[in-house]
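Have a look at the model first, then read on.

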Amino acid sequence: QLWLEEMAYRELKIIPHKVATPKTSAVFMAIAYMLGGLTPVLAYIVLPIGLALMTSILMSVAMLFFVGYIKGRIVQTNRIGSGIEMVIVSLSAAAVGYVVGQLASQWIGL
């Protein structure tokens, strides 16, 4: 057990005895979901519809890059590369979701 804890600390920089409680994790997740959801919606609240779409997309990409950058800082990897990776993975997931939605719409006939 001691050896596993030592390996977790040395290789992964995880401190085994410093684990967040479920309540703390839930609060942080709730805040993260609210901030993440507010990012694309905020443009529609303050801007005209015609300008809001592109602004919303740009704000979302910027926020994704920022989150990836912070992740890179926390795990001590290339921060810029981590930000770019987050943007690429997220936009790829959005594109796949869009294509699946379009295919399902045609298949169902909506």
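**Helix α3 and its partner α4**

Keep in mind that this is a predicted model. The focus here is α3, which runs over residues 49-74, and the way α3 packs against α4 at an angle of about 135°.

**The helix itself**
- α3 has 26 residues and spans 37 Å from first C-alpha to last, close to the 38 Å you'd expect at 1.5 Å a residue.
- A52, S56, G68 and G72 are buried in α3.
- The cover over the buried residues of α3 includes α2 (22-46) and α4 (79-108).

**The loop after it**
- Q76 sits in the loop between α3 and α4.
- Just after α3, Q76 takes a positive phi of about 60°, and that's in a residue other than glycine.
- Q76 is also exposed, because its relative accessible area of 62% is over the 50% cut-off.

**Packing against α4**
- The axes of α3 and α4 are 7 Å apart, and the angle is about 135°.
- That angle makes α3 oblique to α4.
- As for handedness, α3 and α4 make a right-handed crossing.
- On the α3 side, the residues in contact are V61, L64, F65, V67, G68, Y69, K71, G72 and R73.
- Facing them in α4 are R79, I80, S82, G83, I84, E85, M86, V87, S90 and L91.
- Sorted by class, the contact of α3 with α4 has 10 nonpolar, 5 polar and 4 charged residues.

Note on methods: Residues are numbered from 1 along each chain as its sequence is written. This is a predicted model: local features need pLDDT of at least 70, side-chain atom pairs count only at pLDDT 80 or more; totals for chains, interfaces and linings use all residues. Side-chain values use heavy atoms; hydrogens and water are left out. Helices (H or I, at least four residues) and strands (E, at least two) are DSSP runs, numbered from the N terminus. The expected span of a helix is 1.5 Å times one less than its number of residues. Buried means under 20% relative accessible area, exposed over 50%, partly exposed in between (1.4 Å probe, protein chains only). Contact means heavy atoms within 4.5 Å. Axes are lines fitted to C-alpha atoms, for helices over the stretch in contact, and angles run from 0 to 180 degrees between N-to-C directions. Angles under 35 degrees count as roughly parallel, over 145 as roughly antiparallel, 65 to 115 as roughly perpendicular and the rest as oblique. A crossing is left-handed if the near helix is turned anticlockwise from the far one by less than a right angle, and right-handed if clockwise. Ala, Val, Leu, Ile, Met, Phe, Trp, Tyr, Cys and Pro count as nonpolar, Asp, Glu, Lys and Arg as charged, and the others, Gly among them, as polar.
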